[in-house]
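Dear colleague,

I am handing over the structure below, together with some notes on what I found in it. Please read them with the model open beside you.

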Amino acid sequence: MEEAAGNDASYPPLFRRPDPDTGSSRDADQQPAPANPVFEVPVIDLEHLDPVRLEEVCRSVGLFRIANHGVPSALMDRLLDQARVLLSLPFESKQTLFSDPMSYIWGTPSLGAKLSNLNWVEGFHIPLGQPKSKGHDLGSQDSAASFRCLADEYGQHMAAIARTLFNAVAARLKLDAKKTASYLSEFDGTFVRVYRYPCCPDIDKYFGMGPHTDSSVLSILCQDELGGFQVLHDNQWFHVAPIPGTLIVNLGDMMQVYSNDEYKSVRHRVLANRSEDRISVCYFAFPMEDGLIVSSRYKAFTYGEWKAKVLEDIKATGDKLGLARFRIRDPS
Ligand SMILES: O=C(O)CCC(=O)C(=O)O
Ligand SMILES: [Fe+2]
């Protein structure tokens with residue numbers, strides 16, 4: 001596609017060559033079927049939230065589309081448009097423009113360590129709720145700072161949605177409000193990831209993002225119209241069709257722990273696209289770093305400990321072990 005070819009200097013160098021010889025090819029069992037079916041994504045109406053239906057969906061699927069979410073579509077459009085513009089800047093500019101506390105990442109979504117396989121993705125990591133980002137400076141010439149303000153504004157909406165969903169779920173799970181006060185921190189430690197999945201010359205060899213579960217409590221995805229996001233359900237991969245203006249929520253590992261494995265931290269992935277770039281924006285809600293998380297199926301841990309273990313495992317094995325790391329083994 002023309003736009004993609006013109007964007008070449010904006011791609012990480014490794015993504016510019018027709019067939020980079022890095023990263024191992026996918027395992028045979030991870031090959032996407034030629035035509036994955038489209039998933040009938042359950043819809044949760046946030047304006048008339050039905051906690052029983054929400055719980056049912058958390059148990060059976062772990063992923064849903066939210067309607068009537070209250071996020072202005074103009075804001076979502078602006079975010080995706082600006083993301084596209086900034087990600088089209090030259091590779092070197094992106095590295096310097098997006099500096100501490102933000103960062104520019106490529107080849108892996110993991111900060112601080114590489115996953116074993118190269119992911120055909122690049123993006124900005126934008127922490128939310130940091131003191132500096134409260135001083136909105138939309139008149140600034142600094143495009144990264146302006147974008148951060150936009151991401152912050154969007155993040156406020158996401159935080160409200162995360163809180164609404166968490167409270168409904170916590171009530172169904174009968175979580176003790178005092179003991180679980182640290183289970184959702186809408187602001188501290190949360191971040192937005194703005195991704196571009198550059199068009200990829202070898203989509204049989206690379207994923208946009210390989211199969212994984214999120215470490216979050218829940219994650220909220222806003223994607224452009226291209227598609228590529230897939231979910232694993234009943235051992236089969238399904239397309240999650242993009243519908244403009246709607247958001248996709250997937251439960252993360254923490255929610256699975258809170259629910260003693262009753263709810264699913266659902267496995268998902270992003271396919272690479274041969275001819276077009278895809279843009280997406282993901283918000284991740286996490287627990288507070290130091291609060292103790294107690295569950296009948298897992299050893300008690302703090303999210304800080306979880307993060308350290310994930311990093312350690314990725315460094316040692318190239319992959320995240322996640323829930324298996326903390327699960328209490330069956331005595332049998
Ligand atoms: O970009 C997407 O569609 C999904 C990204 C994702 O799954 C993640 O960052 O964990
Ligand atoms: Fe994810």
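Of the 332 residues in the protein chain of this predicted model, 52% count as buried, where buried means under 20% relative accessible area, exposed means over 50%, and partly exposed lies in between, with a 1.4 Å probe and protein chains only. The protein chain exposes about 15,000 Å², of which carbon and sulfur atoms supply 52%; accessible areas come from the Shrake-Rupley method with a 1.4 Å probe, and for residues only the protein chains shown count as cover.

A word on conventions before the details. Residues are numbered from 1 along each chain as its sequence is written, while chains are lettered from A and ligands numbered from 1 in the order in which they are written. Because this is a predicted model, local features need pLDDT of at least 70 and side-chain atom pairs count only at pLDDT 80 or more, whereas totals for chains, interfaces and linings use all residues; side-chain values use heavy atoms, with hydrogens and water left out.

On confidence, the mean pLDDT of the protein chain is 89, and 88% of its residues reach 70 or more, pLDDT being the predictor's confidence in each residue, from 0 to 100. Over residues 1-5, however, the pLDDT is below 50, and this stretch has eight contacts in the model beyond near neighbours in sequence, a contact meaning heavy atoms within 4.5 Å. Residues 133-141 also stay under 50 in pLDDT, and the model has 13 contacts for them beyond four places in sequence. The scores for the model are ipTM 0.99 and pTM 0.92.

As to the fold, the protein chain has nine helices and 14 strands; helices (H or I, at least four residues) and strands (E, at least two) are DSSP runs, numbered from the N terminus. Among the contacts in the protein chain with a separation of 6 or more, 76% are between residues 24 or more positions apart. An unreviewed UniProt entry carries the annotation "domain: Fe2OG dioxygenase" over residues 186-287, given in the numbering used here and with feature names shortened, though such annotations may be inferred rather than shown by experiment. Over residues 186-287 the chain is 6% helix and 44% strand, and the end C-alpha atoms are 8 Å apart.

Which protein residues are the donors of the iron ion (ligand 2)? They are His 212 (NE2), Asp 214 (OD) and His 268 (NE2), lying 2.1 to 2.2 Å from the ion, and along the chain these donors follow the spacing H-x1-D-x53-H. Donors are N, O and S atoms within 2.8 Å of the metal (3.2 Å for Na, K and Ca), and since water is not among the atoms, sites may look incomplete. Asp 214 counts as buried because its relative accessibility is 7%.

Turning to charged pairs, a search of the whole structure finds 14 salt bridges, each being a side-chain nitrogen of Lys or Arg within 4 Å of a carboxyl oxygen of Asp or Glu. One of them joins the side chains of Glu 56 and Arg 53 (3.7 Å, N to O); both residues lie in helix 2 (residues 51-60), three residues apart, about one turn of the helix. Glu 56 counts as partly exposed at 46% relative accessibility, and Arg 53 counts as partly exposed at 31%.

Another salt bridge is formed by the side chains of Arg 172 and Glu 55 (3.1 Å, N to O). Arg 172 lies in helix 6 (residues 143-172) and Glu 55 in helix 2, so the pair ties together parts that are 117 residues apart in sequence. Glu 55 counts as buried at 10% relative accessibility, whereas Arg 172, at 34%, counts as partly exposed. Glu 55, Arg 59, Arg 172 and Glu 262 are linked in a network of salt bridges.

The side chains of Arg 196 and Asp 277 also meet in a salt bridge (3.7 Å, N to O). Here Arg 196 lies in strand 5 (residues 191-197) and Asp 277 in the loop between strand 11 (268-271) and strand 12 (278-285), so the pair ties together parts that are 81 residues apart in sequence. Both Arg 196 and Asp 277 are buried.

Lastly, Phe 124 is placed in strand 4 and counts as buried at 0% relative accessibility. Leaving aside neighbours within four places in sequence, Phe 124 has contacts that include Leu 86, Phe 98, Phe 147 and Val 192.
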